[in-house]
Amino acid sequence: MYIRESTPNDIERIMQIYSEGRAYMRKNGNMLQWNDGYPSEELIRQDIENRVSFVVCDDNDEIICVFAFIKGPDITYAEIYHGNWPNDNDYYVIHRIAVSTHRKGVAGFVYDYCLSKANTVRIDTHRDNIPMQNSLNKYGFTYCGIIHLLNGDERLAYQKERTNI
């Protein structure tokens, strides 16, 4: 596997992976996250233009995962409730991670990559996204509290330091 920046030529496959991700969420009881076609093709195009969109490719050069990796600060992480961030270090955020179905170990590969680029990584997920929570806990992310998206929706927030690997 390897990671590279996304290009406009990847958009069709990226949108397919997000569709698979939404189906997987629904199958696993997460009915509320990524509704109404989120993430949109327009948002993905913005991520690509801003050079924050990445894909994971398998050994056959097939795209099997997509994610955004964005330097903070993130406005939605400015306030945290029912907990706190462990520190005020500079950080990067993983957003919109989705893995093609039937792929194991890809999320950990992404976490390793991100922590090789940043000392502090933050990520959030929906309360009903139990598979993602399990992935974050298994990898050693620390649950920090609740943040709210710009639309007011709550998310469970996590952080990991490079030194914790």
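Met 25 counts as buried because its relative accessibility is 8% (buried means under 20% relative accessible area, exposed over 50%, partly exposed in between, with a 1.4 Å probe and protein chains only). This is a predicted model, where local features need pLDDT of at least 70 and side-chain atom pairs count only at pLDDT 80 or more, while totals for chains, interfaces and linings use all residues. Residues are numbered from 1 along each chain as its sequence is written, and side-chain values use heavy atoms, with hydrogens and water left out.

**Met 25 and its surroundings**

- You'll find Met 25 in helix 1, which covers residues 11–27; helices (H or I, at least four residues) and strands (E, at least two) are DSSP runs, numbered from the N terminus.
- Setting aside neighbours within four places in sequence, Met 25 is in contact with Asn 30, Gln 33, Trp 34 and Asn 129, where contact means heavy atoms within 4.5 Å.
- Met 25 and Met 132 sit 107 residues apart in sequence, yet their C-alpha atoms are 9.6 Å apart in space.

**The nonpolar cores**

- The largest nonpolar core has 25 residues, and Phe 67, Ile 94, Ile 97, Tyr 111 and Ile 123 have the most contacts inside it. For the term itself, a nonpolar core is a set of buried Ala, Val, Leu, Ile, Met, Phe, Trp, Tyr and Cys residues joined through side-chain atoms within 4.5 Å.
- Two or more residues of this core come from each of strand 2 (53–57), strand 3 (63–71), strand 4 (92–99), helix 3 (106–117), strand 5 (120–125), helix 4 (130–139) and strand 7 (154–161).
- Helix 3 is the top contributor to this core, with six residues.
- Another core lies apart from this one; it has 14 residues, including Trp 34, Cys 57, Val 66 and Ala 98.
- Back to Ile 94: leaving out neighbours within four places in sequence, Ile 94 is in contact with Phe 67, Ala 68, Phe 69, Tyr 111, Cys 114, Val 121, Arg 122 and Ile 123.

**Val 55 in strand 2**

- Val 55 belongs to strand 2, and it counts as buried because its relative accessibility is 0%.
- Not counting residues up to four places away in sequence, Val 55 touches Tyr 2, Ile 3, Arg 4, Ser 6, Asp 10, Ile 14, Ile 63, Cys 65 and Val 66.
- One of those partners, Ile 14, is 41 residues from Val 55 in sequence and 8.2 Å away in space, C-alpha to C-alpha.

**How the helices pack**

- As background, two packed helices are described by the angle between their axes and the distance between the axes.
- The axes of helix 3 and helix 4 come within 10 Å and cross at roughly 55°; axes are lines fitted to C-alpha atoms, for helices over the stretch in contact, and angles run from 0 to 180 degrees between N-to-C directions.
- Helix 3 and helix 4 are therefore oblique to each other (under 35 degrees counts as roughly parallel, over 145 as roughly antiparallel, 65 to 115 as roughly perpendicular and the rest as oblique).
- From helix 3, Ala 107, Gly 108, Tyr 111, Asp 112 and Leu 115 meet Met 132, Ser 135, Leu 136 and Tyr 139 of helix 4.
- The residues of that contact between helix 3 and helix 4 split into six nonpolar, two polar and one charged; Ala, Val, Leu, Ile, Met, Phe, Trp, Tyr, Cys and Pro count as nonpolar, Asp, Glu, Lys and Arg as charged, and the others, Gly among them, as polar.
- For helix 1 and helix 2, the axes come within 11 Å and cross at roughly 125°, so this pair is oblique too.
- Ile 11, Ile 14, Met 15 and Tyr 18 of helix 1 meet Glu 41, Ile 44, Arg 45 and Ile 48 of helix 2.
- By class, the contact of helix 1 with helix 2 has six nonpolar, no polar and two charged residues.

- Most residues other than glycine have a negative phi, and most peptide bonds are trans.
- Tyr 38 and Pro 39 are joined by a cis peptide bond, with omega about -10°; Pro 39 is in the loop between helix 1 and helix 2 (41–49).
- Another cis bond runs from Gly 72 to Pro 73, with omega near 10°, and Pro 73 is in the loop between strand 3 and strand 4.
- Asp 61 is not a glycine but has a positive phi of about 65°; Asp 61 is in the loop between strand 2 and strand 3, and it counts as exposed because its relative accessibility is 52%.
- Arg 96, in strand 4, is also not a glycine and has a positive phi of about 55°. Arg 96 counts as buried because its relative accessibility is 12%.
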